[in-house]
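This report looks at charged side chains and how they pair. The model comes first, then the pairs.

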Amino acid sequence: MKKNFKVLAIESSCDETSCAVVVDGRFCLSNIVTSQIDIHTRFGGVVPEVASRNHVTAIDNVVKLALKEAKCTLDEIDAIAVTYGAGLIGSLMVGVCYAKGLAYATKKPLIAVNHIYGHIAGNYLSNENLEPPFMCLLVSGGHTAIIKVEDYNHHEVIGETMDDAVGECFDKVARVLGLGYPGGPKVSKLAESGEANIKFTKPNDLGYNFSFSGMKTAVINYVHKIEQNGEAIPKADICASFEKWAVDELVSKTIKACLEQGFKKVVVAGGVSANRRLREELTKKANENGIECFIPKFEYCTDNAGMIGSAGYYAYRDGIGVADMTLSPNPSLDLQDYLLKKK
Ligand code: KG4
Ligand code: ZN
């Protein structure tokens with residue numbers, strides 16, 4: 001692989017339109033992210049049809065801006081990477097079609113990237129010295145899993161959620177408390193001024209797997225009971241208690257997995273990795289157990305194209321992920337699915 005290999009990456013799986021120029025899988029010359037949060041806030045969540053239309057409007061400018069900020073022309077780009085799943089079908093379609101058009105017109109290789117591999121790779125952009133193998137706690141709006149990352153393109157899921165993803169649970173708790181969308185950051189902010197004094201019961205022992213739907217129901221019932229008694233809802237305490245409960249679940253199982261499976265390094269990835277309590281607890285518990293902990297920079301936690309450029313680089317380097325004009329989005333691409341198989 002030549003040095004200074006530049007990947008232009010596109011991410012449009014949900015409500016962020018993003019384009020980045022990434023060098024050698026490790027460094028972003030640019031990483032433009034335009035969020036549609038303001039548009040979807042009115043509806044209390046992402047409206048898929050509205051999201052796709054806004055991607056169409058935004059994408060061309062976002063790509064041009066990413067090239068401009070990277071001080072780079074299309075000629076200097078070596079390959080084009082794009083998220084092809086999982087995500088919202090209409091949203092993915094916009095990024096995939098744009099990337100295909102660009103690859104065809106410029107005769108550059110097209111690399112198809114699994115969004116989840118992107119989240120893991122956000123850590124390569126954040127921690128210069130991080131190399132596999134490591135254990136990864138993946139926590140996003142759609143997934144919650146413990147993944148053994150044996151090598152850049154060799155992942156094994158050893159635990160996942162049996163129902164809701166943890167990000168989804170943060171969002172639902174926020175909705176019950178009337179905090180708005182997206183819920184995660186709002187719950188987390190309010191938790192800072194609350195006390196974790198409400199005891200929510202733990203789910204049965206599920207090994208490395210998780211269950212979050214019971215917790216969601218517990219919070220809803222708790223709030224309804226207080227409302228029926230005509231009392232004020234202690235929102236900050238509920239947020240703090242829920243957050244502590246969720247973080248304890250995530251951290252204890254991840255550390256257990258590291259110790260039992262003999263992993264000396266742990267990373268966290270996905271939107272919920274922006275959660276301060278999770279970052280602090282994982283770092284603390286890892287240190288106590290002699291495990292080195294890596295966390296992504298905030299800009300690489302939630303959806304962004306930089307992470308897709310990094311995952312795309314390593315896929316291309318290892319001879320996988322190369323797509324052609326038949327590439328189509330896969331909204332339900334599995335966690336375990338490799339980037340396109342070796343040809
Ligand atoms: O990875 P991501 O950007 O999108 C998916 O691939 O799903 O994750 C979005 C999720 C949302 O559920 C959001 O509420 C959550 O990440 N999130 C947080 C925080 N920031 C984002 N959850 C807890 N604390 C945060 N600070
Ligand atoms: Zn994501």
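A salt bridge here is a side-chain nitrogen of Lys or Arg within 4 Å of a carboxyl oxygen of Asp or Glu. The model is predicted. It holds 14 salt bridges. Three of them are set out below.

| Salt bridge | N to O distance |
|---|---|
| Asp78 and Lys2 | 2.9 Å |
| Glu281 and Lys285 | 3.2 Å |
| Glu168 and Lys172 | 3.4 Å |

**Across the sequence**

Asp78 pairs with Lys2. Asp78 sits in the loop between helix H2 (48-69) and strand S4 (79-85), and Lys2 in the segment before strand S1 (6-11), so the bridge ties together parts that are 76 residues apart in sequence. Asp78 is buried, at 18% relative accessibility, because buried means under 20%. Lys2 is partly exposed, at 47%.

**Within helices**

Glu168 and Lys172 belong to helix H5 (residues 166-176). They are four residues apart, so about one helical turn separates them. Both partners are partly exposed: Glu168 has a relative accessible area of 27%, and Lys172 has 24%.

Helix H9 (residues 276-288) holds Glu281 and Lys285. Glu281 is buried, with a relative accessible area of 16%. Lys285 is partly exposed, at 28%.

**A network**

Which residues join Glu168 and Lys172 in a network of salt bridges? Asp164 and Lys216 do.

Conventions:
Residues numbered from 1 in each chain as written. Chains lettered and ligands numbered in written order. Predicted model: local features only at pLDDT ≥ 70, side-chain atom pairs only at ≥ 80, totals over all residues. Heavy atoms only, no water. Helix = DSSP H or I, 4+ residues; strand = E, 2+ residues; numbered from the N terminus. Buried < 20%, exposed > 50% of the residue type's maximum accessible area, 1.4 Å probe, protein only.
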